[in-house]
Amino acid sequence: MPPFAPFTLQCERLKLRFITESDAEGLLRVFSDPAVMRYGSSAPWTTLEQAQQSIATTLAGYEAGNYLRLGIDIDGVLAGAVTLRAFDMQNRRCEIGYLLRREFWGKGYMHEALPAMISYAFDTLDLNRIEADVDPRNEASARLLERMHFRKEGLMRERWIVNGEVCDSDVFGLLRADWRAAR
């Protein structure tokens, strides 16, 4: 894929924007909270260097066109991120991931952020399928995906080992045709 040029997706109460080097402290705040990372695929971050390395990976992904992380900006505060990754352009699919700072939970922000990113993936990137994997214990995330018209397609047993804990993954998929029919 060609490089991702900077853009913003404007929603009613938030915007999705490119991550910059100045976002290190904001990303650390998101990724260092054990409650936010409880069902994630990595342990909570503990250093600013981890945030800086993640930003370097994100910037390289923009340039390579193979990783798209957008920050969730609420009134100038980096409140979380939505990421498209693991692009398979031959089959026109990718994976989606998302995180939100705890103080923004329960306010419907992901109900704005995810549709914007999903629409971008289907309409601009011309993808046909988006996949997500969720720890089966993360019922809130599963409900969110189902509201976004994802379908639970299976269980991958013992897929992750995070902080020594073995975790399963529920696999969800969303087809462009289903997204458009539901919209």
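Helix α1 is mostly covered, with six of its eight residues buried; here buried means under 20% relative accessible area, exposed over 50%, and partly exposed in between, using a 1.4 Å probe and the protein chains only. Helices (H or I, at least four residues) and strands (E, at least two) are DSSP runs, numbered from the N terminus. The buried residues of α1 are Ala-24, Gly-26, Leu-27, Leu-28, Val-30 and Phe-31. These buried residues pack against α2 (48-64), β3 (68-74), β4 and β5, where a contact means heavy atoms within 4.5 Å.

The model is predicted, so local features need pLDDT of at least 70 and side-chain atom pairs count only at pLDDT 80 or more, while totals for chains, interfaces and linings use all residues. Residues are numbered from 1 along each chain as its sequence is written, and side-chain values use heavy atoms, with hydrogens and water left out.

Apart from neighbours within four places in sequence, Arg-29 is in contact with Arg-101 and Glu-103. Arg-29 and Leu-78 are 49 residues apart along the chain, and their C-alpha atoms are separated by 8.9 Å. Asp-23 sits in the loop between β2 (15-18) and α1 (24-31). Is Asp-23 buried or exposed? Asp-23 counts as buried because its relative accessible area is 6%.

Read from the N terminus on, their order is β-β-α-α-β-β-β-α-β-α-β-β-α. The C-alpha trace spans about 40 × 40 × 30 Å along its principal axes. The radius of gyration is 16 Å, which agrees with the value near 16 Å for a compact globule of 183 residues; the radius is taken over C-alpha atoms, and the globule rule is 2.2 Å times the number of residues to the power 0.38. Of the 183 residues, 48% are buried. Among contacts with a separation of 6 or more, 60% are between residues 24 or more positions apart. The protein exposes about 9,400 Å², and carbon and sulfur atoms supply 47% of that area; accessible areas come from the Shrake-Rupley method with a 1.4 Å probe, and for residues only the protein chains shown count as cover.

Next comes the largest pocket, which has a volume of about 1,200 Å³. It is lined by 45 residues, and those closest to its centre are Val-36, Tyr-98, Leu-99, Asn-138 and Ser-141. On a 1 Å grid over the protein atoms alone, a pocket is an open set of points with protein on both sides within 12 Å along at least five of seven lines, whereas a cavity is a set where a 1.4 Å probe fits but cannot get out; lining residues have an atom within 4 Å of a point. Grid points are joined across faces, edges and corners, and a volume is the space filled by probe spheres set on the points. Which element gives the largest share of the lining? That share, six residues, comes from β5. By class, the lining has 23 nonpolar, twelve polar and ten charged residues. Ala, Val, Leu, Ile, Met, Phe, Trp, Tyr, Cys and Pro count as nonpolar, Asp, Glu, Lys and Arg as charged, and the others, Gly among them, as polar.

Val-36 is also one of the contacts of Arg-102, together with Asp-33 and Ala-35, leaving aside neighbours within four places in sequence. Arg-102 is found in the loop between β5 and α3. With a relative accessible area of 42%, Arg-102 is partly exposed.

Most residues other than glycine have a negative phi. Ala-86, in strand β4, has a positive phi of about 50 degrees although it is not a glycine. Arg-92, in the loop between β4 and β5, likewise has a positive phi, near 55 degrees. Ala-86 is partly exposed at 42% relative accessible area, and Arg-92 is partly exposed at 29%. Gln-90 is placed in the loop between β4 and β5, and counts as exposed because its relative accessible area is 74%.
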